[in-house]
Amino acid sequence: MIDESSLMQWGCGEEGAVVDNVGNFSGRDDALRILDGVVAGSSAHRAVTVWGMSGQGKSRLLQHFAERERQSERSRAEGRVALVDIQDLVSCDDAAHGYGPDLATDLLREIAGHLASWHPGRRRRYLLDAYKRAESRAQRAWAAAVGVNISVSRASKMVNSPTIVNMPLPEEVFLTAYRNSLTDALCQLASADSRDALLLIDTVELLQLRDDATRHRSPQPQHSAAVGSWFTDRVIPRLLSSQPGLKVVIAGRERMPLRRVPAAQVQLVEWEIADTAAFLGSCQIDESLAEPVHRLCRGLPGWTSMAAQLIQQESIGHNPITFHWLSSTATGRVVEEWLPAIFLDRLPLHQRSVVEAAAVLRTVTKGSLSYILRRGNLLGGLPQDWFRQLLSYSSFMQRRDDGSQDYRLHGLVRSAFLAHLQRHEPERLRELHRIAGDYFKFAENFLEEAYHRFASSDDRLVDEWRERLQRALDLFQLDHGARLLDVAATPDHAERVRKWSPLVHAHVLRFSAFTHYMRNEGVQAQQLLFPALSLYEKLGDMRGQADTLRALGNVAYLCDEYAQAEKFLRSSLRLYQRLDEQLGQAWTLRAWGDVANLRGNHEQAESLLEDALWRHQELRNKHGEAETLRSLGNAVRMRGDHARAESLLQSALALHKQLNDEYGEAWTLRSLGNMARLRGAYRHAEELLKKSLALHRKLQNRHGEADTLRYLGNVAYRSRDYERAQGFLRRALALHEELQDRLGRAETLSSLGNVVRRMGDCVGAEQQLLSALSLYQDLGNYGGRAWTLRSLAGVAQARGDHARAEEYLQAAMVLFMQRDDRLGQAWTLTSLGDLARARRECGQADKLLRQALHLHQEVQDGHGQARTLASLGLLAHEQGDDVRASNLLDAANALEEG
């Protein structure tokens, strides 16, 4: 039997016990507040359930809280504190039984001992003796009942009588009676004390794991009585009822509901990086190491304490410690010292090969593991209950997300085994992976088969894996794409795959870049795509070159580098044409059309997109057709044909719905909402954008959620509801910052600056806009710079600095003209006209505003037309032409209301 102590010695125990009390107790203030409330009586609950995955520090939390309550003079328990760890009660002999009264007996006996210990000496002995006598009577009754039942069962086989045959009772009847007797005795003992007391019970998941293992081995009805539900549903409620002052805390890896007792809930999750830094500081370790330690340990307290111990033991805190050093040192230490000396030494010999085979599997089932052992001629020498024994080890955890009975080896243990085999028995490791790949081929599980094929340097699935991954990303099936990518990029064999197959490594680089692209991280995407392109060129893989050039074009488009984007896409298209790869041509033409549209080449854009649409339709690629219809709708809108643009977008929306493509539906609704916003239909725009927002949230697409919140903020701004606009934009900004999306931050800061200026805060507006301008400059985004310069001009004009305002506007106009952005030019002309009017330059103002109105009409910008007509009306009023002024203002109001 493997106990927790072997893991805890290395700071990575199941519940994250800290090695030799390294560091202070950290990062659990919220949990302590809940526990304090229950014990102090300020909470309505008398019970607490604590749960969280392995390594979260549940045991450490209970130990810390118990010790604090024992020593606190203000504690109402006054030292009456008991901590019971079920792990200490589970022995190898009991594990072999798999079923029986032993665990229940030991658990209640342990609790009884603690309850009795809170009384003076003579009283303590009396209560404990009374409990022991009751336990003995219950055991004798159990044995007698089972004996009688066996005799009746034998008799029923000898006499052909339905009455006699039905007389033997299921063993669970006797088990229930036995447990009820123990519970009665325990409650009798507890009722002798009404004072405040605290009982903490740790590792309760072992009850559930024991029940699962029992059912797995022996599913007969008489073996169905579960220890876990009996303890939580019967023992704890009766115990609390018997001793009014008692408070109970149970902790385990999985949530164990107290169905008959109202209980406070505490879920332990990973530490934030600030918690890691605080813990390292308490270990006298430089807090600058928090980033590499947090990245390695992923916020798990148990792993973090292991890393802290390694740093302290190596005594090299004065040297730079990097992630690479920490990772390699931790792996080497675990593989060469902990694994053979502690973990393997505690394994029965016949189980070592079983655990090694299990370590190869990402999820462990009896079927997959049996296949590997049978192929390796290892199954014959194992005991019949070998799998149940394996599950009894604390290093195994059940996967419950989908309700299956799959198990997995603890992540640290698995990594140590794989590293050990790779160092000392690489051919054996490859053979285990080959056998596992064969199993998952028969099981028709492509993801797991591909994982094991790649791990064994088998390239038979490379082409299919590549096609599946490309299709998933083209369809924006990002979760599925991530799982496919992980097949080759998973840390346990990424380096091995890189050396074995440069082609697979190139694919990993290219597809990993897509993740950065989706997060608007163009520079990071380029840093992966250029090495991928170089690898494809060396390998002579023309398809890989074409795909990578297309990806580089998309990234350049994201970074506002439109000329460079067009160059990449032209090169990509030529390669696809040489390959006669029609689908690649269709996607490249669509991307090129988007670039041409933003460069102001609207006729070229429309031509490219119609070509792409025709190809997708010929290929019957409905998804590509829908995406291209959306791009074509946006291009037609830029040419001012709103009726056709809306028709195209509605067609795209219908296709996305037909395909059940909620991702595409969400983005198309946003395009429709944006078009409604630009023509001044704010109410309709908000309705469409809220539908888009709901879909993004349903899909957990946080980038889409953030972008749509920003669009809603812009709609509220145009509606002059500045408070509401600020609310939308601040929520969008928080999301963009959380996602580290610099482009999204820049766009939101720019919008927020405009809102704050309208609310009268010119200083705050300027700060927001200058921050946005700096981000746009870093990103090389000329369009964003131009719009932000125009907004800064508005701030300068509001302050009365007309010269500065004109400088900003002229700089913005140059950028808009370079990009042939007629909408931007129109708004800048409106602002220049307003500036001339403020200077009393009426002739110049009239000229500029008329030019602006013409451009607004060309692009069918309803809000821009209304805004410019209002400015012309004010100019006419200032010139004394009130009739013309009234007509112009009425026309502006009509447009706004429409």
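## Overview

Of the 898 residues in the protein chain, 57% count as buried, a term that means under 20% relative accessible area, with exposed meaning over 50% and partly exposed in between (1.4 Å probe, protein chains only). This is a predicted model, in which local features need pLDDT of at least 70, side-chain atom pairs count only at pLDDT 80 or more, and totals for chains, interfaces and linings use all residues. Residues are numbered from 1 along each chain as its sequence is written, and side-chain values use heavy atoms, with hydrogens and water left out.

The protein chain contains 44 helices and 7 strands; these are DSSP runs numbered from the N terminus, with helices (H or I) of at least four residues and strands (E) of at least two. The accessible surface of the chain is about 38,900 Å², and carbon and sulfur atoms make up 48% of that area. Accessible areas come from the Shrake-Rupley method with a 1.4 Å probe, and for residues only the protein chains shown count as cover. Among contacts (heavy atoms within 4.5 Å) in the protein chain with a separation of 6 or more, 66% are between residues 24 or more positions apart.

## Parallel strands

Strands are said to pair if DSSP finds at least two bridges between them. Strand S2 (residues 81-85) and strand S3 (residues 197-202) run parallel and are joined by 5 bridges. In this pairing, Val81 has Leu198 of S3 as its bridge partner. S2 is mostly covered, with 4 of its 5 residues buried.

S3 also pairs with S4 in the parallel sense, over 5 bridges, and here Leu200 stands opposite Val249 in S4. Strand S1 (residues 47-51) is likewise parallel to S4, with 5 bridges between them; the partner of Ala47 in S4 is Val248.

## Aromatic rings

A pair of aromatic rings is described by the distance of the centres and the angle of the planes. Rings of Phe, Tyr and Trp (its six-membered ring) pair if their centres lie within 6.5 Å; planes under 30 degrees apart count as stacked, over 60 as edge-to-face and the rest as tilted. The structure holds 14 aromatic pairs. One of them is the tilted pair of Phe530 and Phe568, with 6.3 Å centre to centre and 55° between the planes. Phe530 belongs to helix H26 (residues 522-539) and Phe568 to helix H28 (residues 562-579), so this pair ties together parts that are 38 residues apart in sequence. Phe530 is partly exposed, at 41% relative accessible area, whereas Phe568 is buried, at 9%.

Elsewhere, Tyr371, Tyr439, Phe440 and Phe442 are linked by ring pairs into a cluster.

## Charges over rings

A charge sits over a ring if NZ of Lys or CZ of Arg is within 6 Å of the ring centre and within 35 degrees of the ring normal. Arg362 lies over the face of Tyr451, 4.3 Å from the ring centre. The charged end of Arg468 is placed over the ring of Phe446, at 3.9 Å from its centre.

## Selected helix residues

Ser353 is part of helix H16 (residues 349-360) and is buried, at 17% relative accessibility. Apart from residues up to four places away in sequence, Ser353 touches Leu373, Leu378 and Arg428. Gln726, in helix H36 (residues 722-738), is also buried, with a relative accessible area of 17%. Beyond its neighbours within four places in sequence, Gln726 is in contact with Leu752, Val755, Val756 and Met759.

Leu895 lies in helix H44 (residues 882-897) and is partly exposed, at 30% relative accessible area. Leu895 touches Gly862, Gln865, Ala866 and Leu869, with residues up to four places away in sequence not counted. The C-alpha atoms of Leu895 and Arg867 are separated by 9.3 Å, and these residues are 28 apart along the chain.

## Cysteines

A disulfide is a pair of cysteine sulfur atoms within 2.5 Å; by this rule the count is 0. Cys283 is buried, with a relative accessible area of 4%, and Cys762 also counts as buried, at 17%.
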